[in-house]
Every structure is written in structure tokens, then in C-alpha cells.
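Please open the model in a viewer and keep the selection panel at hand. The stops below follow one another by selection.

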Amino acid sequence: MDCRSPAGTRSVAAETQEVLDLFRSLPRQQQAVMAWTYDGFSPAEISQILGIPRATVDSHRRHARIRLKEILGKTVE
């Protein structure tokens with residue numbers, strides 16, 4: 001079975017590995033929040049799972065997204 005993306009250039013496994021590598025560049029708490037987010041959990045669920053306030057989850061998501069955009073901006077250019 002072919003697991004290539006619609007563009008036919010990258011496999012799902014390669015894309016997943018890239019996401020994991022990007023997450024590893026984040027601080028541990030941001031890694032955890034983004035991993036749970038990537039797996040489809042809501043901020044409220046993540047808050048409960050990690051035992052941290054919802055506002056902290058939101059803050060970690062916001063800071064992680066800013067950092068990931070910075071990293072991706074450097075690699076895309």
C-alpha cells in the first residue's frame with residue numbers, strides 16, 4: 001500500500017517524523033501540550049491530563065506555535 005501524500009512526494013511516516021523532530025525543539029511542557037494537541041485532545045482535556053490550569057495549556061500552545069513558526073520560517077526560506 002502506498003502511503004504517500006496527495007502530492008506524492010512524502011510519506012505519512014516522513015511527515016510524522018518531521019513533526020516529532022520539531023516538537024523536540026520545544027521545552028518539555030510545550031512538547032507535552034503540543035503532542036496531546038496533535039493527537040486531537042482539547043485544551044480542557046490536556047489541562048486535566050497534565051494537571052495544569054487551562055490558561056497554562058493555552059500559554060504553552062501559544063508559545064510553542066510562535067517558536068514552531070520561527071523554526072519553519074527559517075527552513076522554508
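Begin by selecting F41, which is partly exposed, with a relative accessible area of 30%; on this scale buried means under 20% relative accessible area, exposed over 50%, and partly exposed in between, with a 1.4 Å probe and protein chains only. The model is predicted: local features need pLDDT of at least 70, side-chain atom pairs count only at pLDDT 80 or more, and totals for chains, interfaces and linings use all residues. Residues are numbered from 1 along each chain as its sequence is written, and side-chain values use heavy atoms, with hydrogens and water left out.

**Aromatic pairs**

How many aromatic pairs does a search of the whole structure find? The search finds 2, where rings of Phe, Tyr and Trp (its six-membered ring) pair if their centres lie within 6.5 Å, and planes under 30 degrees apart count as stacked, over 60 as edge-to-face and the rest as tilted. Select F23 and Y38: their ring centres are 6.0 Å apart and their planes stand at 90 degrees, so this pair is edge-to-face. Because F23 belongs to helix α1 (residues 12-24) and Y38 to helix α2 (residues 28-38), the pair ties together parts that are 15 residues apart in sequence. Helices here are DSSP runs (H or I, at least four residues), numbered from the N terminus. F23 is buried, at 10% relative accessible area, whereas Y38 is partly exposed, at 45%.

W36 is partly exposed, with a relative accessible area of 28%.

**Helix α2 and what follows**

Now colour the buried residues of α2, which are Q30, Q31, V33, M34 and T37. After α2 comes G40, with a positive phi near 95 degrees.

**The nonpolar core**

Select V19, L22, F23, L26, M34, A64, L68 and I71, the 8 residues of the largest nonpolar core. Such a core is a set of buried Ala, Val, Leu, Ile, Met, Phe, Trp, Tyr and Cys residues joined through side-chain atoms within 4.5 Å. The elements giving two or more residues to this core are α1 and α4. Centre on L26: beyond its neighbours within four places in sequence, L26 is in contact (heavy atoms within 4.5 Å) with Q31, M34, A64, R67 and L68.

**R61**

Finish at R61, in helix α4 (residues 54-76). Leaving aside neighbours within four places in sequence, R61 contacts V33, M34, T37 and P43. R61 is buried but has no salt bridge, a term that requires a side-chain nitrogen of Lys or Arg within 4 Å of a carboxyl oxygen of Asp or Glu. The nearest side chain of opposite charge, D58, is 4.8 Å away.

Technical notes. Lys, Arg positive; Asp, Glu negative; His and termini not counted.
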